[in-house]
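This briefing reviews one protein model, with its sequence and coordinates shown below. The points are grouped by topic.

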Amino acid sequence: METKILSTSEEDIQTAGAIIRSGGLVAFPTETVYGLGANALDESAVRSIYAAKGRPSDNPLIVHIAEKDDIVPLVKEVTPQAQALIDAFFPAPLTIILKKSALIPDATSGGLDTVAIRMPQNEIARAVIKASGVPVAAPSANTSGLPSPTKAKYVIDDMRGKIDGIIDGGDCAVGVESTVITLAAETPTLLRPGAITKEMLEAVIGEVKIAGAVLGELGENETAASPGMKYKHYAPKAKILLVNADKATYENFVNERADAFALCFEGDAVTIPHITYGSENDDLSQAKELFDALRKLDERGAKKVYARMPHKDGVAMAVYNRLIRAAAFNIIDLEKPFTIGLTGGSGAGKGHIGKMLQEHGFHIIDSDRVAREVAENPAILAAIQSQFGAEIVKDGTLDRKALAQIIFSDESKKEALNRIMHPAIIAACEHEAQGLTVLDAPQLFEAHAEEKCYKIIAVTAPKELRIARIIARDGISEKQAEARIGAQFDDAYYTAHSDFTIVNDGRDLTEQINRILDTIL
């Protein structure tokens with residue numbers, strides 16, 4: 001269809017209002033982001049919003065009003081808490097959820113028995129709503145999943161040819177969508193953070209809970225009660241990885257990633273291609289610039305982006321909330337060791353894979369070496385002697401070959417040794433971890449050390465090849481090598497319990513490792 005590009009003149013605002021009143025779609029600026037407006041009471045018009053955006057129909061929409069009293073016919077009751085927030089804030093970048101009246105169709109509420117309502121601060125937005133003469137359902141005016149538009153040009157890029165009109169009202173002042181609070185729950189609950197912060201809300205109505213999906217993922221069977229609660233949202237075409245690090249650590253990390261972009265703060269000493277989104281200590285500047293910065297990354301052809309993590313309080317909570325969804329919850333946490341578990345059966349070739357990962361900047365922790373060092377501890381040696389007999393220690397040193405013969409032929413003996421060794425090994429490995437770390441641990445799962453790892457890579461190989469490698473490496477018989485393999489998990493277990501699998505049977509290891517690292521880093 002032909003999309004009219006409208007100005008903010010009174011004539012064009014009246015034109016926009018007429019389009020909405022007749023069942024059409026018009027994008028218009030608000031103080032937060034551009035909204036895509038339709039008559040909230042017209043189910044057919046609302047469904048056309050979902051079609052234009054490519055948005056799932058179970059995602060509720062926010063109904064925009066021009067005057068405070070316009071909320072009354074749209075809800076079952078304006079509760080005392082709702083009235084307090086209306087009096088304190090409206091018009092504002094604040095959305096209030098209440099039980100809906102019969103006027104609100106299911107298409108507008110996403111099938112829920114509640115409705116989300118806000119009165120925008122932006123005068124152009126309120127003028128359009130007044131001109132339409134109806135409450136206006138208006139999600140962000142972008143293709144679903146992409147960054148919300150804060151400039152008219154991005155609305156035009158996404159929506160031209162799909163909607164009836166676009167009002168060019170300049171840049172949006174706030175830059176992230178409105179705060180959403182539900183008053184339909186037992187305790188008022190923040191569902192989406194924005195420029196109206198939790199602290200500001202609590203100053204008016206008392207305790208406000210934060211929904212778990214604000215800083216984390218929506219539960220498996222949890223319904224989205226507010227826009228923006230889905231798993232991945234606000235995302236550019238580039239892959240985003242959120243990096244939790246102080247300024248210096250972040251700079252060092254991203255400057256080593258020559259094939260990527262950085263999304264950083266003003267003043268960060270970043271040498272790779274980068275886009276900034278505000279200042280580190282200025283939450284409002286981050287909010288205003290975030291979505292524009294995400295759009296610019298696509299304009300510059302970024303494929304992978306390392307975004308510096310903002311704080312999680314005040315308005316920055318809103319920025320974090322948007323970024324974590326843009327990154328689909330992929331976080332590289334450099335405030336603690338970023339540990340990749342490397343595991344697999346004996347003879348699979350983990351050591352070789354570890355050396356290849358070391359070339360990519362990973363610090364390698366060989367748990368077998370750590371185990372040998374732990375076994376030199378007098379207290380550990382005494383515990384092993386008590387369990388397996390005094391002869392297992394010769395001249396103050398553990399007879400590892402004799403111990404291996406015992407534990408690989410008796411599962412109960414292996415479990416007894418694990419109870420002695422694993423806690424000490426895990427503690428030693430944690431102490432040694434630094435930055436990007438690979439924990440090479442054949443007994444990763446037996447020790448429950450997978451809980452310490454960000455991702456797990458399993459290394460597998462055919463049994464015959466593993467037997468040959470074990471015989472050559474350890475100088476033992478084929479029968480002993482088979483017994484060692486038989487005492488460990490099979491390849492199917494390692495693959496099922498790991499995030500990635502490297503098959504070490506002559507295939508291209510470099511290609512397999514690069515594919516995994518491209519996903520992880």
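Does Ala258 count as buried or exposed, and at what relative accessibility? The relative accessibility of Ala258 is 70%, above the cut-off of 50%, and therefore the residue counts as exposed. The model is a predicted one, and the points below set this residue in its wider context.

**Overall architecture**

- The protein has 521 residues, of which 56% are buried.
- Its secondary structure consists of 20 helices and 23 strands.
- Along the principal axes, the C-alpha atoms occupy a box of roughly 95 × 45 × 40 Å.

**Position of Ala258**

- Ala258 belongs to the loop that connects α9 with β13.
- From Ala258 to Ile166 the C-alpha distance is 40 Å, and the two residues are separated by 92 residues in sequence.

**The five-stranded parallel sheet**

- An open sheet is built from five strands with parallel pairing, in the order β14-β13-β15-β12-β16.
- The edge positions are held by β14 (274-276) and β16 (331-333); each has a single partner strand, so one side of each lacks a neighbour in the sheet.
- From one strand to the next, the twist averages 25 degrees.
- Five bridges link β12 (residues 239-244) to β15 (residues 304-308) in the parallel sense.
- Lys239 is placed opposite Lys304 of β15.
- Helix α9 (residues 247-255) packs on this sheet and touches β12, β13 (261-264), β15 and β16. The direction of α9 makes about 170 degrees with that of β15.
- Helix α11 (residues 316-326) also lies across β12, β13, β15 and β16, and runs at about 130 degrees to β12.

- Helix α5 (residues 123-132) is mostly covered, with seven of its 10 residues buried.
- The buried positions in α5 are Ile124, Ala125, Arg126, Val128, Ile129, Ala131 and Ser132.
- The packing partners of these buried residues are the helix α1 (10-21) and the strands β2 (26-28), β4 (62-64), β7 (136-137) and β8 (165-167).

- The largest cavity holds about 230 Å³ of space. Its lining comprises 24 residues, and those closest to its centre are Ala138, Pro139, Ser140, Glu177 and Arg192.
- By class, seven nonpolar, 12 polar and five charged residues line the largest cavity.
- The second largest cavity contains about 50 Å³ of space. It is lined by 10 residues, with Pro60, Leu61, Thr114, Val115 and Ala116 closest to the centre.
- At least two residues in the lining of the second largest cavity come from each of α4 (106-109) and β6 (114-118). The contribution of β6, three residues, is the most given to this lining.
- The lining of the second largest cavity has seven nonpolar and three polar residues, and no charged residue.

Notes:
Residues numbered from 1 in each chain as written. Predicted model: local features only at pLDDT ≥ 70, side-chain atom pairs only at ≥ 80, totals over all residues. Heavy atoms only, no water. Pairing = 2+ DSSP bridges. Helix = DSSP H or I, 4+ residues; strand = E, 2+ residues; numbered from the N terminus. Axes fitted to C-alpha atoms, helices over the stretch in contact; angles between N-to-C directions. Contact = heavy atoms within 4.5 Å. 1 Å grid on protein atoms, 1.4 Å probe; cavity = no way out; pocket = protein on both sides within 12 Å on 5 of 7 lines; lining within 4 Å. Points joined across faces, edges and corners; volume = space filled by probe spheres on them. Nonpolar A, V, L, I, M, F, W, Y, C, P; charged D, E, K, R; others polar. Buried < 20%, exposed > 50% of the residue type's maximum accessible area, 1.4 Å probe, protein only.
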